[in-house]
Amino acid sequence: MTHRERILAILQGKQPDLVPWCGDLDYWAHSLIARGLKPKDFITSDAYMEWHRDLGVGYYLQGYFPYKEVYNNCDVTEWKEGNRRYKRIVTPCGTLEECWEYIEDSFSEAPVEHLMKSEADIPAMIYMYDNMSFVPDYKFAEKRNLQVGDQGVTLCYLPKSPFMHLVALEAGIVTVTLLAYSVPEDFERLLASMKRAFDIAAQIAIDSPAEVLMIPENLSSEMVGDLFFQQYMKAYQEEWTEKIRLAGKYSYIHMDGTLKGLLKQESLVGFSVLEALTPSPVGDVSMEEMLPLLKDSKSIFWGGIPGVYFTPHISDEEFDLHVIEVLKIMRTQPRFVLGVADQVPPDGLEYRVKRVGELVKLYGAYNK
């Protein structure tokens with residue numbers, strides 16, 4: 001069977017010949033481009049898919065939102081200063097400004113200044129979202145559908161839930177927590193405004209050429225516990241997983257942090273796939289501890305190999321042992337996809353990525 005056939009078999013509740021193996025190589029690829037080791041258009045080119053074939057890795061698209069946001073009735077200015085990028089949004093209700101800094105050593109960026117800093121910014125945030133619109137942008141998904149072939153599936157993003165969007169991108173967990181408890185009515189008005197906007201974007205994503213759709217929550221349960229999940233996230237996720245199902249497509253959630261506090265809850269939401277699950281010794285839940293959750297859930301568990309295992313920090317012997325032990329569990333029933341949790345890092349070793357495919361052939365056949 002091909003990588004695509006194995007992925008689709010699992011999604012359809014069937015048993016393929018081997019445990020499917022898929023890896024998110026996007027972060028690694030961006031670092032290779034930044035170091036001049038790959039051409040600038042590498043990730044969008046046919047060569048990117050050939051790279052996956054050469055490495056023996058199943059493909060699923062990461063990092064693509066099939067729409068563009070439009071700020072109406074706001075004055076938006078964006079600029080760069082060295083490794084920092086800025087955005088300023090001027091509204092009749094106040095001015096919002098954010099700054100993100102690119103860190104060359106890690107080939108990534110992080111917020112230096114969040115867009116929403118305090119209760120005083122809520123009116124401007126609400127105005128911004130009340131006046132935001134979205135337009136479809138399907139060209140890249142259409143291109144990927146032609147490129148991917150038998151290597152995998154095309155995945156696009158819905159927006160995060162409004163709560164996680166604030167936590168991960170526009171406010172941070174400290175500010176979000178303070179607002180949720182100090183001005184709950186204003187905070188919920190902001191979330192309602194965001195949801196009205198995000199519902200439009202989410203439907204555009206469902207209508208895209210993507211075969212599978214992800215809510216990229218980037219969820220970590222030491223930051224967002226059961227209380228916030230039940231109050232602010234669960235209903236949004238249930239609504240959109242159901243709409244994805246009715247559209248005949250498959251729903252994913254990206255859970256790339258600690259799992260113990262929320263894995264059970266998320267396994268019951270209705271997602272087709274819980275993706276980027278990071279087990280111990282890097283994560284806080286072992287593969288064995290995940291098994292009982294499958295009894296009450298219909299979700300597929302996707303992940304298993306922490307990103308650091310692809311680096312020189314882990315010995316070849318430990319790498320092989322970990323992958324083999326994970327496969328011993330995954331081959332017991334067709335409810336798993338072996339994946340990177342969550343990405344191969346910039347110092348990833350190419351031979352390690354290839355080694356996974358070799359180990360799947362040796363140890364990935366299902367138990368009789």
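Colleague: At what angle do helix 8 and helix 9 pack?
Modeller: This is a predicted model. In it, helix 8 (residues 184-206) packs against helix 9 (residues 226-246) at an angle of about 20°, and their axes are 12 Å apart. Angles under 35 degrees count as roughly parallel, so helix 8 is roughly parallel to helix 9.

Colleague: Is the crossing of helix 8 and helix 9 left-handed or right-handed?
Modeller: Helix 8 and helix 9 cross in a right-handed manner.

Colleague: Which residues meet there?
Modeller: Helix 8 contributes F187, E188, L191, K195, F198, D199, A202, Q203 and I206. From helix 9 come Q231, Y232, Y236, E239, W240, K243 and I244. By class, the contact of helix 8 with helix 9 has 9 nonpolar, 2 polar and 5 charged residues.

Colleague: And helix 7, how does that pack with helix 9?
Modeller: Helix 7 (residues 173-182) and helix 9 pack at an angle of about 70°, with axes 13 Å apart. The range from 65 to 115 degrees counts as roughly perpendicular, which means that helix 7 is roughly perpendicular to helix 9. The crossing of helix 7 with helix 9 is left-handed.

Colleague: What makes that contact?
Modeller: On helix 7 the residues are T177, A180 and Y181, and on helix 9 they are L227, F228 and Y232. In the contact of helix 7 with helix 9, 5 residues are nonpolar, 1 is polar and none is charged.

Colleague: Turning to the strands, what is their order in the open sheet?
Modeller: The open sheet has 7 strands in the order 1-15-14-13-12-11-10, and the pairing is parallel. At the edges are strand 1 (21-22) and strand 10 (155-157), each of which pairs on one side only.

Colleague: How many bridges join strand 11 to strand 12?
Modeller: Strand 11 (residues 212-215) and strand 12 (residues 250-254) run parallel and are joined by 4 bridges. I215 stands opposite I253 in strand 12.

Colleague: One more topic: which residues of helix 2 are buried?
Modeller: In helix 2 (residues 26-34), the buried residues are D26, W28, A29, S31, L32 and I33.

Colleague: What covers them?
Modeller: The cover over the buried residues of helix 2 includes helix 3 (46-55) and helix 13 (350-363).

Colleague: And what follows helix 2?
Modeller: G36 follows helix 2, and the phi of G36 is positive, near 80°.

Conventions:
Residues numbered from 1 in each chain as written. Predicted model: local features only at pLDDT ≥ 70, side-chain atom pairs only at ≥ 80, totals over all residues. Heavy atoms only, no water. Pairing = 2+ DSSP bridges. Helix = DSSP H or I, 4+ residues; strand = E, 2+ residues; numbered from the N terminus. Axes fitted to C-alpha atoms, helices over the stretch in contact; angles between N-to-C directions. Parallel < 35°, antiparallel > 145°, perpendicular 65-115°, else oblique. Left-handed = near helix turned anticlockwise from the far one by under 90°. Contact = heavy atoms within 4.5 Å. Nonpolar A, V, L, I, M, F, W, Y, C, P; charged D, E, K, R; others polar. Buried < 20%, exposed > 50% of the residue type's maximum accessible area, 1.4 Å probe, protein only.
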